Amino acid sequence: MTTESTHPTAEHARLAESPGDRGAWRTWGPYLAGRQWGTVREDYSADGDAWNSFPFDHARSRAYRWGEDGLGGICDRFGFLNVAVALWNRRDPILKERLFGLTNGEGNHGEDAKEYWWALDGTPTHSWMSWLYRYPQAEYPYEQLRTVNAARTRMEREYELADTGVLDENRFFDVVVEYAKASPDDVCIVISVTNHGPDAASVDVLPHVWLRNTWAWGRDDRTASIVDATEDVLPGALAAVRVDHEFLGRYFLAAEGSPRVLFCDNETDAVGLFGADSNRSRWTKDGIDRAIVRGEADAVNPDGVGTKCAFHYPMDDVAPGETRRVALRLSTSVPDAATFGPSFEMVRADRRAEADRFYDHVIGPALSDEDRHVARRAYAGLLWCKQLYRYDVADWAEGDPVGSPAPESRRTPTARNAAWSHFSLADVVSMPDEWEYPWFAAWDLAFHTIPLAHVDPDFAKEQLVLMCREWAMHPNGQLPAYEWAFGDVNPPVHAWAVWQVYRIDGHRDREFLVRVFTKLLLNFSWWVNRKDADGSNIFEGGFLGMDNIGLFNRSEPLPPGFRLEQSDATSWMAFYCQQMFKIAVELARYDSAWDDAATKFFAHFLSIADAVRSFGSARLSLWHEEDGFFYDVLAPPDGDPVPLRVRSMVGLLPILGATEVPDWVGRECPDLAARLRWLQHRRPGLTSAMMSRRDESGRWRMLLALVDPVRLRRMLERMFDPAEFLSPHGIRSLSASYRDGLSMDVDGRALSIEYEPGESRTEMFGGNSNWRGPVWFPVNVLLADKLRAYGRYFGDSFTVEIPTGSGQAHTLAEAATVIETGLTDLFRPVDGRRPADGDRIESSPDPLWSGHPTFNEFFDGDTGEGLGASHQTGWTALVAHLLNPRVPAPPTGSA
C-alpha cells in the first residue's frame with residue numbers, strides 16, 4: 001500500500017492506490033440500493049405501472065431481476081454478494097429488511113419514505129462507514145401511514161411516522177451499522193443496538209448475506225452458493241458461512257458468538273404471490289421472514305445451504321439506555337481464533353481515526369463545529385448514495401427466456417425507453433437519494449460531482465465520463481435523463497460540472513477535459529438539431545427538470561403548429577456554449593488544434609445572444625421591456641405570439657449566460673482572435689454581447705454576457721425583492737407576488753398559476769416536487785456563481801440594492817454571498833433549530849433528533865423547511881461545497 005508519508009492522509013493514499021472504478025479498495029461499498037422495488041427496471045407489466053407491478057409487499061417474497069436492496073448494506077462492485085441487517089421487534093407482521101415508503105399514488109404529495117435513517121460517516125474508498133436506522137419498538141404502522149395519507153389532500157401536510165405516536169417517549173432502538181476495512185477484501189462489521197425508550201424491550205437482529213439472483217432468467221448459468229461452515233472453523237466460538245461464486249471466488253462471513261444460522265434461496269414464492277403450481281425452490285426468499293415472524297420452522301433449509309442466509313441474534317429485554325452489539329467479518333480468509341481478536345477492534349479504531357484526519361484535511365479549519373458537522377454529514381450522505389445501477393434496456397424490453405417475460409407492449413415504438421435499446425449500465429452511480437430516487441438523473445448527477453470532487457475527484461470525473469459513454473449516451477448525442485423516460489430533457493449542465501471538477505482537482509487533468517468535451521460536441525449538436533426547430537437560436541426543451549413551473553405541462557406535445565420558445569432552454573444553451581468555449585480555450589493553451597473549437601462556441605454564443613437581445617423566430621422578443629423580465633413565448637401557427645408573463649426561475653436563468661474571457665486569449669488563440677476582429681469589423685452588432693474594460697489595476701477584462709448591464713439591473717431588482725424572489729434562504733422559483741394567483745388567457749384557454757411556497761398542490765409530474773415557489777439548491781448555486789462572474793468583471797462599479805428598496809448597496813460578489821449564505825443558513829440553528837427542520841420531528845431539542853441534519857430536495861420559499869425527498873444528499877450536498885469551497889489556484893494566467 002502507498003504510504004501515508006507521500007500523501008496527506010492514509011485515506012488519500014488508498015485513493016491513490018485505487019484510482020479507477022475497479023480499484024481494489026473500491027471493490028466493496030454501500031452500493032446496495034435503498035429501494036429496488038417500484039423501479040422501472042423491475043417493471044415487467046403490460047401497462048408500465050412500475051409502482052404497482054412490483055410493490056413493497058412483494059419485495060420480501062419475490063426475486064429482483066436487476067439489483068437488490070437492504071438496510072445499511074454493502075455489496076461488491078458488481079452486486080453479486082450482499083450484506084445487510086434485518087430486524088424484528090416481535091410485533092411487526094414482517095421482518096424489517098428494507099425501508100418502507102408510500103408509492104406515488106399513495107402519498108398526498110407523491111412518493112415518500114416513511115422511515116428515519118441517517119448516513120453518519122464515510123470515506124470515499126469506504127474504508128470506514130457508519131449508518132443509523134431508527135426502529136420503533138411498537139408495531140410498525142404500515143396501513144395507518146397508507147390510509148391517513150390517502151385521505152389527506154394536497155393542501156395538507158404529509159402524515160409521517162413520527163405523527164403516528166409510535167416514537168413517543170423515545171420508544172425506539174437506534175441501530176448503528178459500521179464497516180471498517182482491514183484490507184480491500186476484509187471488512188470488519190459491527191451492528192450496535194441501543195434502547196432509547198423508558199422500558200426494557202426486545203429485538204431480534206438478523207445480519208443477512210445473500211447472492212443476487214442471476215441464474216433464474218436464462219441468461220447467466222454461473223453457479224453460486226452459500227453453505228454453513230461453522231463446523232469447519234470454530235464451532236461454539238463463532239458461526240460462519242462460506243460463499244462460492246464463479247466470478248467473485250470464495251468469501252467467508254463469520255459471526256461472533258453462537259447465533260442460529262438460517263438458510264433459504266433468493267427465489268420467488270410464485271405459489272404464494274401468483275398462485276403458481278410450484279416454486280423453483282422449496283425454501284423461497286421469504287423463508288427467513290416466515291421462520292422468525294410466523295414460527296414456520298420448515299420455511300428454511302435444514303441442510304445449511306442456499307443463496308440467502310441470516311445469523312439470528314435474539315436480544316431479550318434490552319434495558320433502557322443499554323447498547324448491545326453484534327460483530328461480523330467478511331473476508332477471503334478462513335475464520336479462526338484471531339477473527340474477532342484485538343486486531344478487529346484495532347482496525348475499527350484506526351479507520352475511524354483516519355476518517356477524522358481525512359476530513360480535517362478536506363474541510364477548512366475556519367469552519368465552526370456546526371458547519372463542519374453539516375459538511376461532513378453531507379459528504380457521508382453523498383458517499384452512501386453511491387449505488388450499483390444495472391439496467392440493459394434491450395434485455396429488459398425483450399424479456400428473459402425464463403422468469404421475466406416482457407409483454408408485447410414493451411416492444412412497440414411508443415413503449416417506455418423504446419428508442420434507448422443501446423443503453424446498458426452495470427456501474428456504481430451517484431444517486432440523488434437512497435430511497436425516493438434510486439436511479440440517476442443526468443442533471444442531478446452533474447451537481448453531485450461538485451462536492452464529490454472535494455473528496456474523490458477520480459470518482460467525480462468517472463461519473464461525468466460515464467454519462468457520455470456509448471452505452472449511456474444516445475447515438476444521436478442525447479444524454480439519458482432518468483429511467484422513467486431516458487428521452488426526456490434535463491438542462492445541459494454537464495459542461496459546467498466538468499469545468500468545476502477540473503478546477504477543484506487542480507487544473508491538472510486535461511485528458512479528462514478532452515474525453516468529455518469530444519462527447520459533448522455530439523450532445524451540443526443534438527440540442528441544436530432537435531431543440532432549435534427553425535434555426536433561430538431560440539430553443540425549446542420541454543420541462544427541463546423544472547417539473548410544474550409553467551402554466552401547463554411543458555413536456556406534453558403542443559397543438560399542431562404551435563411552438564413554445566423557452567427562455568430557460570435558450571438560456572441553458574447560451575450557458576452551454578460558454579462552458580464549452582471555456583473548456584476549448586483551456587485546451588487550446590496546450591494544443592492549438594483546439595483553437596477553432598473555441599472559435600466555434602464563441603461565435604455560436606454570440607448568435608444566441610443576438611437572438612435573445614432582439615427577437616425570437618416569431619418576431620417577438622423573450623425580453624419584455626415593460627416588465628423588465630424574460631418570458632417564454634407561445635407562437636401559434638397563425639396569429640400573434642403570446643408572451644407567457646409569469647415571473648419565475650425561467651426568466652432569471654438568462655443570468656447564467658455570463659463567463660469571463662481570459663486576457664491571454666488574444667495571444668494564445670490566434671484563430672479566435674482573428675474571428676473576433678472579423679466580427680467587430682463586419683458584424684459589429686453581434687459582438688455587443690462581449691464587454692471589455694480595463695480594471696483599476698490596468699488589467700484588461702472581457703465578459704461574454706447574455707444580459708446587458710441595463711437589463712441585468714432590472715432583473716436583479718426583482719430577484720432581490722422579498723415580495724418577489726428573495727427569501728431568507730435563497731431565490732424562490734416563482735415570484736411571491738402571485739400569492740393570490742395569476743390567471744391568463746392563452747389561445748382561448750384559461751390558465752392559472754399560484755405561488756406555493758411548500759409542497760406541490762398540483763398532480764403535474766406526480767406532485768412530489770414543486771417549482772412554484774420553493775427554493776432549489778442547484779439553480780441558486782448557479783445564479784450565485786454567475787453573479788460572481790459579473791462581479792469580477794464590473795468590480796465595485798456595479799451595485800444592487802439588497803433587499804430591493806432598502807438603500808443598502810451591495811456589489812455583485814456580495815450579492816452572490818447573500819444567496820449562498822441564505823442556503824447555508826438553512827442548516828445553521830436559529831434558537832436551537834435549523835430552518836430546514838421546519839416543524840418536523842427533527843426540530844426537536846432532543847439531541848437524538850437535533851444531531852441529525854437532513855438534506856431535502858427543495859425548501860419552503862417562506863420558512864426554509866426542507867421538503868420532498870429527505871435524503872437528497874445529491875445536489876443538496878452542494879452545501880458542503882458552499883461551506884468548504886476551497887479550490888486550488890489556477891496556473892498563472894489561466895481562466
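Gln463 touches Val428, Val429, Ser430, Leu445 and Thr449, leaving aside residues up to four places away in sequence; contact here means heavy atoms within 4.5 Å. This is a predicted model, in which local features need pLDDT of at least 70, side-chain atom pairs count only at pLDDT 80 or more, and totals for chains, interfaces and linings use all residues. Residues are numbered from 1 along each chain as its sequence is written, and side-chain values use heavy atoms, with hydrogens and water left out.

Back to Gln463. Its place is in helix α11, residues 457-466. Helices (H or I, at least four residues) and strands (E, at least two) are DSSP runs, numbered from the N terminus. Gln463 counts as buried because its relative accessibility is 2%. Buried means under 20% relative accessible area, exposed over 50%, and partly exposed in between, with a 1.4 Å probe and protein chains only.

Now the backbone. His507 sits in the loop between α12 (494-504) and α13 (510-531), and at 5% relative accessibility His507 is classed as buried.

Asp547 is another non-glycine residue with a positive phi, about 35°. The loop that holds Asp547 runs between α13 and β20 (563-565). With a relative accessible area of 12%, Asp547 is buried.

Last, a peptide bond. The one from Ile802 to Pro803 is cis, with omega near -5°. Pro803 belongs to the loop between β32 (799-801) and β33 (809-811).
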